[in-house]
Amino acid sequence: MKREIVLRISPKEAADDKLVKDLVAKKMKVAPEKITYLRVAKRSIDARKKIVLVQLHIEAYANIKPPKPVAVSFEYPDVKNKPEVIVVGAGPGGYFAALRLVELGLRPIVLERGKGVNERKKDLALLNRNESVNEESNYAFGEGGAGTFSDGKLYTRSTKRGDFKKILEVFQFHGANDDILVDAHPHIGTDKLPEVIKAMRQSIIDAGGEVHFDTKVSDLIIEDEHVKGVVLHSGEKIMAQSVILATGHSARDIYYMLDDKKVLLEAKTWAMGVRVEHPQELIDQIQYHSPKGRGDYLPAATYSLSCQIEERGVYSFCMCPGGFIVPAMTGKDEMVVNGMSPSKRNSPWANSGMVVEVRPEDIGEFQNKGVLGGLEYQMEIERLAFVNGGRGVVAPAQSLADFVDGQLSFDLPECSYVPGLVASPLHFWLPENIGMRLRKGLDYFDRRAHGFVTNEALVVGVESRTSSPVRIPRDRASFQHLQIKGLYPCGEGAGYAGGIASSAIDGEKCAEKTWEFITGKSLQ
């Protein structure tokens, strides 16, 4: 017989394979030796109450021969002589678009302004040693996009838009750990993801596609409201029947280029704030309701917090347990921070973006800048953080309780941010609509998770690249730009995704719509 069994057991019990098997056998009313196959299909942690439980969804067979495990694999056909599609950007949106194009029999030409992951690592190492930022190779630009050197979180609320399970399977096929197919909140880890990304690149190349690094697109070739190709920074032109524009949320030059060409853009809501860092042990104690923290059988605890303060959302974003804060600026005279975690999530710190919803009407005089006013506002706050920090890679910071109380910080706790911190009154120089709401929101969170606001924790400024303030509008049915045939705005930079998984899903959908456009057929 085959059964789907759900167990809700203690973390220690969940770590004992023999005990799990015994419990499954008891549920199936058979002896343990009669269990012929057992597989954990889904695993999650329920820490809502004082007693923390692990929930396991188990596929079990007893008294019958189980099916042979079938490893998911992908075969990418040879597309050397097939119609070509330009994919601008080698982030998750671009790479998943390229792989899907190959599956559909089209030849992707991927153009990435930054470097491949190996060379990119060298530039990041220099940045963490207080060297100046390489404007084309940093935590935002380069192979794999902004998500490559991050926690590699793969959960998303966008599963209705596409096949999320397939996204996980593609990552697993290219080297990600099998656990991503099981865990309720899967992650790959910043130490693992670069090799997975390289394997995806190799699949594209082996199939006959192309991937070019240090190749910056500076213009689109548009004739009769139809995109015909792109112009590179070098002046070279590359022609194709369609262009998937998957440039990421930090490619500001693309927005300015499109605006100069009178290509329709839209202002949109986004979020800005700070990165908050606690000792991981403290977060474990709060989330697992125990002064002993997580113990031997639980992972580093995460949290997700949100509330409304004066008609704007305040929420945690991109929470990185056992992680590090990193410099994420893409230009000079900017200070931007982000978070990342290794696969083991084993650093002593936990960090998260803590951000405030910003609507186009919230940016004051920057509304006079038109559709790119939000972008200018974002840049101004990053400049403020640069000026109030170390005027380099050193970041402005404040103890968390001092920030909430509006007090100066004279001594800062130890922090994971390698380039270093300088004490700064963020409560004073952050725009009122952001700083005030953050302080009230954090005070509210402390009442829900007592001990969250403490001077053992830090706020580090600024977390400004949660998404783009600009959307590149597209038709709901065809995914093409509203004015330009053959142009497919894609992923975070276009305003249609928010993270690795949703960008990957959007990349696949853009590839499918491109195929329909080129072939005149429908996949439905």
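I take "buried" to mean under 20% relative accessible area. I note that the model is a predicted one.

**Helix 3**

I looked up helix 3, which covers residues 92-103. I found that 11 of its 12 residues are buried, so the helix is largely enclosed by the rest of the structure. I listed some of the buried ones, including Pro92, Tyr95, Phe96, Arg100 and Val102. I then checked its length. From first C-alpha to last, helix 3 reaches 16 Å, close to the 16 Å expected at 1.5 Å a residue. Just after helix 3, I came to Gly105, with a positive phi of about 90°.

**The cavity**

The largest cavity holds about 30 Å³ of space. I wrote down its lining: Pro92, Gly144, Gly147, Thr148, Phe171, Leu193, Ile197 and Ile500.

**Asp46**

I turned to Asp46, in strand 2, residues 35-46. Is Asp46 buried or exposed? Its relative accessible area is 13%. The cut-off for buried is under 20%, so Asp46 is buried. I looked for its partners. Leaving out residues up to four places away in sequence, Asp46 touches Arg8, Ile51, Val52 and Leu53. With Arg8 there is also a polar contact between the side chains, at 3.1 Å.

Definitions and conventions:
Residues are numbered from 1 along each chain as its sequence is written. This is a predicted model: local features need pLDDT of at least 70, side-chain atom pairs count only at pLDDT 80 or more; totals for chains, interfaces and linings use all residues. Side-chain values use heavy atoms; hydrogens and water are left out. Helices (H or I, at least four residues) and strands (E, at least two) are DSSP runs, numbered from the N terminus. Buried means under 20% relative accessible area, exposed over 50%, partly exposed in between (1.4 Å probe, protein chains only). A polar contact is a pair of N or O atoms within 3.5 Å; within protein, one must be able to donate a hydrogen and the other to accept it, and residues adjacent in sequence count only if both atoms are side-chain atoms. Contact means heavy atoms within 4.5 Å. On a 1 Å grid over the protein atoms alone, a cavity is a set of points where a 1.4 Å probe fits but cannot get out, and a pocket is an open set with protein on both sides within 12 Å along at least five of seven lines; lining residues have an atom within 4 Å of a point. Grid points are joined across faces, edges and corners, and a volume is the space filled by probe spheres set on the points. The expected span of a helix is 1.5 Å times one less than its number of residues.
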